[in-house]
Amino acid sequence: MGRAVTVATCALNQWALDFEGNLERIFRSIDIAKSKGARYRLGPELEICGYGCSDHYYESDTLLHSFQVLEKLLESPATQDIICDVGMPVLHRNVRYNCRVIFLNKKILLIRPKISLANGGNYRELRWFTPWSKARHVEEYFLPRIIQEVTGQETVPFGDAVLATKDTCLGAEICEELWAPNSPHIEMGLDGVEIFTNSSGSHHVLRKAHARVDLVNSATAKNGGIYILANQKGCDGDRLYYDGCAMISMNGETVAQGSQFSLDDVEVLVATLDLEDVRSYRAEMSSRNLAASKVNPYPRVKVDFALSCPDDVAVPTCMPIQWRHHSPEEEISLGPACWLWDYLRRSKQAGFLLPLSGGIDSSATACIVYSMCHQVCLAVKNGNADVLADARRIVNDKTYIPEDPRELCKRVFTTCYMASENSSQDTCNRAKLLAEQIGSYHINLNIDAAVKAVVGIFSVVTGQTPRFSVYGGSSRESLALQNVQARIRMVLAYLFAQLTLWARGMPGGLLVLGSANVDESLRGYLTKYDCSSADINPIGGISKTDLKNFIQYCIENFQLTALRSIMSAPPTAELEPLVDGQVAQTDEADMGMTYAELSVYGKLRKIAKAGPYSMFCKLISMWKEICTPREVASKVKHFFRMYSVNRHKMTTLTPSYHAENYSPDDNRFDLRPFLYNTSWSWQFRCIDKQVSKLEKNEGISVAEDMD
């Protein structure tokens, strides 16, 4: 009869414009799918060229090379007897579309353009592509000559259609269309489509995976059917980490789950499912069947091929499974670690250098590198030949086998404590002990000579010697002296990154890691061009609160006991003179706000789209048990003053792993001015008026000026 269909989906670590590597990974996924009996293979969005090509999509070369890769796929024996669904940009009548190209046995069946484009947050698809707006409409697409020579076709269907095989009907969605309120799968399902496919380029955000899984399962819970999702994985050239999670769902339940974080470049999921389960599920849904009787039908492309075998009664089918979600601490341990590994191997550098201060942020960054080493050793143990080859090239040893994370850390990770006269012995000891426990190559140095030399130049030129405020200097002098220390550390970090391996008789250079968290960036609590300036920053999108929880996770799971004293110490920049040998400067006192408050401000500013007045209105309710309206007003004003004064620092922010939806990254995610009227006169006056009204209602005496 033919009822058990075997389908495959995959998560591929594609790389923007790496046509050679992308083709090889696509071929590997097809080989694995066929070896497991699959008759249909789905790949990620824009997998041929890589999702993150950005303005390279404008180039005719990107289109040309994508078709050249498609030519290789079409003519290869590896793609015979399996429906292959691949993603690439296509120019149709001089309009560029984000497309799925579906082919079988050297014939293109359908080119399906994306209908709903992702254009929020990190996504800019409307910049490069046009959405297909002709619902249930198909046109002729004239193939390039290099494709015509392989397929023997002059034109193929292009548009919003579905595939009708001998045994079932398939309909495609592309990434954002699953998230849209009018997802195509709704009406496709009503029109008899039994298998929905979704090719995604969906990136990691902390606590996001469950939303994607829920959407996939709910897509078939109300309408019945089989839903197959493929996704990109890894770092394909920018701040984002695509987190896999390929999955297959049927009738509202997950039947196959891919990994969210792994170092495998190619991961293929295969499931065998009974079409009769879909039909019987739908049979008793009277509301669905009534709606289906009125639906406007989709154009159907007939395919002389079946996803099932004629005699498949005894073929075992997949059963529902329970999806296992990672905790946020596990996500921080794994996501940025995998991103760092991709960046390291693809940049062809020999490791990382981190200025390790003995504080929470740099220690969390060090732990992520240590977690990366864990993942590398585990992947090699599990037989990942690609990871082994990359590790050997990075450490310049053709016989090396990474087995111990601490030993690998020693080879690829250099930490450096840069002391000054304002540094305490406590932070020095904490940094040294953590370095010993993770196994990094650790350097202790003192920057006082360099600081004095730089300040000396200023004194010679001007005849003035700046002093710290504790010694009678002004706040301007004190801040300048703090910034000199911070910036010298950045210069030394790059010097040691370039030459440390040379001094040790080893080849290559090191990537400098930054360690400013998302909250400090939002507030601007960093020196422009200090150690926050680096090559990349794995924690730049993570809040201080989440980092503290991650540190606790590392204590428990990696047995890094050195982190206990780091956790208990108050965060400090150690840029001002010690008092009786003890640190007098703390971050929260300097900022005039707590890290917990900063997280709230950040989420309201970005996610809730709140300006000063709206933020005040929300917080007088949220904080009514702990703050008066006047106190809330003061806090909101202080935040917006500091945020706007320091916004210019975001224009030079180190590329950071994107993990939070309230990231202030100015590059593409959080587009704002960097020159503000920092008095916010109109906005703050609205707040003052509201405070006056509230206090009048409460019978409280109102002052004229609240600033």
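Because the model is predicted, local features need pLDDT of at least 70 and side-chain atom pairs count only at pLDDT 80 or more, while totals for chains, interfaces and linings use all residues. Residues are numbered from 1 along each chain as its sequence is written, and side-chain values use heavy atoms, with hydrogens and water left out.

The big picture comes down to domains. The protein chain splits into domain 1 (4-324), domain 2 (329-446 + 488-590) and domain 3 (592-701); the bounds come from an automatic or database domain assignment. Between domain 1 and domain 2, the C-alpha centres are 39 Å apart. Contact here means heavy atoms within 4.5 Å, and by that rule 23 residues of domain 1 touch 18 residues of domain 2. Putting these two domains together buries about 1700 Å², with carbon and sulfur atoms giving 53% of that area. On the domain 1 side, L206, F261 and L263 lose the most area to domain 2, together 38% of what that side buries. Buried area is the accessible area (1.4 Å probe) that two parts lose on being put together, summed over both.

Next, the cores. A nonpolar core is a set of buried Ala, Val, Leu, Ile, Met, Phe, Trp, Tyr and Cys residues joined through side-chain atoms within 4.5 Å. Buried means under 20% relative accessible area, exposed over 50%, and partly exposed in between (1.4 Å probe, protein chains only). The largest nonpolar core holds 64 residues, and F352, M372 and F413 have the most contacts inside it. Helix α11 supplies the largest share of this core, 13 residues. Domain 1 and domain 2 both give residues to this core, so it lies between them. Leaving aside neighbours within four places in sequence, M372 is in contact with A337, L340, W341, L344, F352 and V412. There is also a second, separate core of 50 residues, which includes V101, Y123, W132 and L240.

Helices (H or I, at least four residues) and strands (E, at least two) are DSSP runs, numbered from the N terminus. In helix α12 (residues 385-395), the buried residues are V387, L388, D390, A391, I394 and V395. Seen down the axis of α12, these fall within an arc of 165°, so they line one face of the helix; the arc is that of the directions from the helix axis to the C-beta atoms. Their packing partners are α10 (328-347), α11 (360-381) and α13 (405-412). At the start of α12, a side-chain oxygen of N384 comes to within 3.0 Å of the backbone nitrogen of D386. After α12 comes N396, with a positive phi near 60°. Helix α22 (residues 612-622) buries P612, M615, F616 and L619. These cover an arc of only 100° around the axis, which puts them on the same side of α22. The buried residues of α22 pack against α21 (595-607), α23 (629-646) and α24 (681-698).

V5 sits in strand β1 (residues 4-12) and is buried at 1% relative accessibility. Beyond four places in sequence, the contacts of V5 include I195, I226, L273 and L307. V5 and L501 are 496 residues apart in sequence, and their C-alpha atoms are 55 Å apart in space.

T79 lies in the loop between α2 and β3 (83-92) and is buried, with a relative accessible area of 0%. A polar atom of the T79 side chain lies 2.7 Å from the backbone oxygen of L73. That is a polar contact: a pair of N or O atoms within 3.5 Å, where, within protein, one must be able to donate a hydrogen and the other to accept it, and residues adjacent in sequence count only if both atoms are side-chain atoms. Setting aside neighbours within four places in sequence, T79 also touches residues including F27, I30 and F103.

S54, in the loop between β2 (40-42) and α2 (60-75), is buried with a relative accessible area of 18%. Apart from neighbours within four places in sequence, S54 contacts W128 and R668. T654, in the loop between α23 and α24, is buried at 6% relative accessible area. Not counting residues up to four places away in sequence, T654 touches S532, S533, A534, D535, I536 and N537.
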